[in-house]
Amino acid sequence: MYKIFLMFLIILIIMPLPVFADGSIQHNVGKVMMDVSDWGALCKIEDSQEGIKIFQNFIYNNKAYLDPFSDIWVGDSLGNVASAYDYVGGDSPVIGEWIANTPSGTMANIPDSPNASQAIHAQYTPIRYGRFPYNIAIDQYTYAWDSSNYPLDDDYIIMKLVLTNKGNTELKNIFIAIQTNWDVDYGDWEDDLMDWDSKRHAGFAYDSDGSDKTVVGLALLSGKLASHNIVDASIWTFLDIDRSKLMSNGEIDDLAKISAKPANYLNVISTGAYNILASSSVTVIYAFVAGQSASDFSANVDSAIGRILMPSKLTATPDKTSVTLSWAKSISSDITAYKIYRSKTSGSGYTQIGQVETNTFIDKSVEKGSLSYYVVSAITADGKESKYSNEVASAPGVPPKSPSNLTAKSDSSGKPLLQWEKSDDVEVTGYRVFRNSTGDAPWAAIATVDKASQSFIDINTYNGNTYYYTIASINAYNWISGFSNVVSVNLLPFALPSSVDLRDVKAIPQPCSSKVRFINLTAMANIRIYDLDGRLVKTIYHINGNGEEEWDLLNENGVPLASGIYVYYIEAFKAKETGKFVFSGKIAVVK
């Protein structure tokens with residue numbers, strides 16, 4: 001049964017989801033691209049006129065490795081389980097209990113350009129059918145890091161789940177689990193092997209015949225391990241009573257225990273049992289990890305373990321007599337204090353100058369007139385010290401003069417373009433760009449450019465939103481000037497005239513070898529190209545205002561497409577209406 005509906009998912013699945021399932025947002029700053037949803041599903045989701053389309057997930061080296069019916073479970077040992085999918089008969093599952101916290105959802109994309117990381121927050125509750133007996137909510141936080149700034153942290157996505165008891169009485173013997181269905185050689189359903197790394201609490205999959213050397217898996221980074229189960233998908237039922245048994249049976253499956261037979265496996269890592277007081281929470285942290293070999297996979301899990309302990313985004317703000325340090329707290333909730341270190345030499349010679357339980361520290365003993373270098377580490381409840389945070393340099397002094405006459409408009413690609421007049425302060429070394437959605441403090445720094453720059457394009461924006469900006473000067477001592485004036489840009493949603501019919505769109509020439517042109521397009525549209533296995537090859541944002549868009553047949557990584565048939569989907573919004581207009585077709589590539 002499981003194989004039947006997974007075969008149907010090779011390209012897509014259209015399911016009659018209620019309007020509460022809002023979709024997914026993609027992490028795409030590192031080697032791994034992964035969509036996360038706001039209803040407990042681990043899949044890529046797209047909304048269309050026909051319903052919700054669900055695709056496989058976790059893209060690594062341009063291949064998908066995670067099947068769409070992977071999800072998050074919460075429940076007890078008695079058969080009460082909340083999940084993203086349920087099985088109630090027929091050939092495929094239906095949507096389960098999880099639902100976005102409000103009808104519009106609460107998912108928030110939190111990009112952080114200066115430190116090259118990305119966080120996504122969603123919140124959901126198991127109230128879709130009103131049959132789950134516990135009043136709970138899940139806050140889901142996911143994190144990713146880019147390759148250029150964090151080369152040891154770009155092969156995984158970290159997911160922190162905070163389960164809160166919203167009721168008035170204590171919850172007892174509650175389990176939290178993630179079920180993943182890895183497929184290393186996608187389309188070869190029953191050719192994988194699954195094993196368990198007891199040291200790292202990681203379940204991992206690899207291809208039995210070695211045609212794909214990639215190793216992928218799920219690791220429990222923080223939480224009370226309850227069980228690890230490896231289940232042959234051909235006998236899996238999706239019944240809550242079976243989920244309940246897997247979460248609470250206390251078994252630890254590995255390759256030897258399952259007799260080393262290649263198959264299509266489900267991997268379930270459960271935590272618990274937890275007793276949760278009213279209005280209290282419990283936190284578990286997982287990582288979705290990829291590696292190019294078994295040893296590379298293990299090293300990437302170790303990096304993820306270290307990353308959740310480290311403080312990050314350390315900044316230094318000087319005044320005339322001191323330097324104020326601030327940082328983002330560690331992802332792990334097992335941190336009791338932070339140690340602050342200072343040196344006169346970058347990268348070495350650090351001496352501890354303080355320890356605090358908060359994420360700020362004022363250095364009043366710093367030497368004036370010359371740079372000092374700072375790092376921060378975290379201390380766990382059992383006394384373990386994390387690796388150092390990023391290093392910052394600063395010294396007390398006088399702030400530089402501010403830039404002036406900041407202006408903002410949309411550039412030719414539809415992204416906010418900022419321009420300004422440089423500060424006349426000779427000690428200015430660059431400019432820091434700040435953004436928010438209100439125009440009032442607080443502001444979030446999104447980029448730093450050099451002193452010669454007088455413009456900046458903010459590519460991390462989404463149509464339909466209004467963004468506010470201000471900028472400040474910085475100098476070699478990390479002194480920050482006062483803010484410039486505040487400007488805003490309103491990015492309108494994609495729109496097309498009411499008379500336009502997307503069915504007039506054509507892709508020419510057919511077949512094509514080096515490039516293809518889409519003609520008769522609307523003024524603005526999204527074009528997504530997939531291979532016949534349903535893998536996203538390229539996303540093109542057509543925003544030039546005319547009816548044509550040319551594509552060089554390169555995928556998202558700049559690699560030329562192989563010969564074959566590809567499917568394109570084009571969508572746009574009708575002016576002053578909320579529904580999408582969608583059209584699809586095929587492209588034949590011949591090399």
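Me: Buried means under 20% relative accessible area, exposed means over 50%, and partly exposed is anything in between (1.4 Å probe, protein chains only). With that in hand, what makes R517 count as buried, exposed or partly exposed?

Reply: R517 has a relative accessible area of 30%. That value falls between the 20% and 50% cut-offs, so R517 is partly exposed. One heads-up: this is a predicted model, where local features need pLDDT of at least 70 and side-chain atom pairs count only at pLDDT 80 or more, while totals for chains, interfaces and linings use all residues. Also, residues are numbered from 1 along each chain as its sequence is written, and side-chain values use heavy atoms, with hydrogens and water left out.

Me: How do you know that R517 and E548 form a salt bridge?

Reply: A salt bridge needs a side-chain nitrogen of Lys or Arg within 4 Å of a carboxyl oxygen of Asp or Glu. Here the N to O distance is 2.8 Å, so the pair qualifies. R517 sits in strand β39 (residues 516-519) and E548 in the loop between β41 (536-542) and β42 (549-551), so the bridge ties together parts that are 31 residues apart in sequence. E548, at 40% relative accessible area, is partly exposed.

Me: What do D153 and R307 tie together, and why?

Reply: Their side chains meet in a salt bridge at 3.1 Å, N to O. D153 belongs to the loop between β15 and β16, and R307 to helix α3 (residues 294-309), so the pair links parts 154 residues apart in sequence. (Helices are DSSP runs of H or I with at least four residues, strands are runs of E with at least two, and both are numbered from the N terminus.) D153 is buried, with 8% relative accessible area, and R307 is buried too, at 6%.

Me: Why is the pair D155 and K31 called a salt bridge?

Reply: The closest N and O atoms are 3.8 Å apart, and the limit is 4 Å, so the pair passes. D155 lies in the loop between β15 and β16, while K31 lies in the loop between β2 (24-27) and β3 (32-37), so parts 124 residues apart in sequence are tied together. D155 is buried at 4%, whereas K31 is partly exposed at 37%. In total, the rule gives 19 salt bridges.

Me: How do you know that β15 pairs with β14?

Reply: Two strands pair if DSSP finds at least two bridges between them. Strand β14 (residues 117-126) and β15 have eight, so they count as paired, in the antiparallel sense. I120 has T142 in β15 as its bridge partner. On to strand β16 (residues 156-165): eight bridges join β15 to it, again antiparallel, and A137 is partnered by T164 in β16. As for cover, nine of the ten residues of β15 (136-145) are buried.

Me: What makes D458 buried or exposed?

Reply: Its relative accessibility is 2%, which is under the 20% limit, so D458 is buried. D458 is found in the loop between β35 and β36 (466-475). Its side chain makes a polar contact with the side chain of Y469 at 2.8 Å.

Me: Why is that 2.8 Å approach called a polar contact?

Reply: A polar contact is a pair of N or O atoms within 3.5 Å; within protein, one must be able to donate a hydrogen and the other to accept it, and residues adjacent in sequence count only if both atoms are side-chain atoms. At 2.8 Å, the pair D458 and Y469 is inside that limit.
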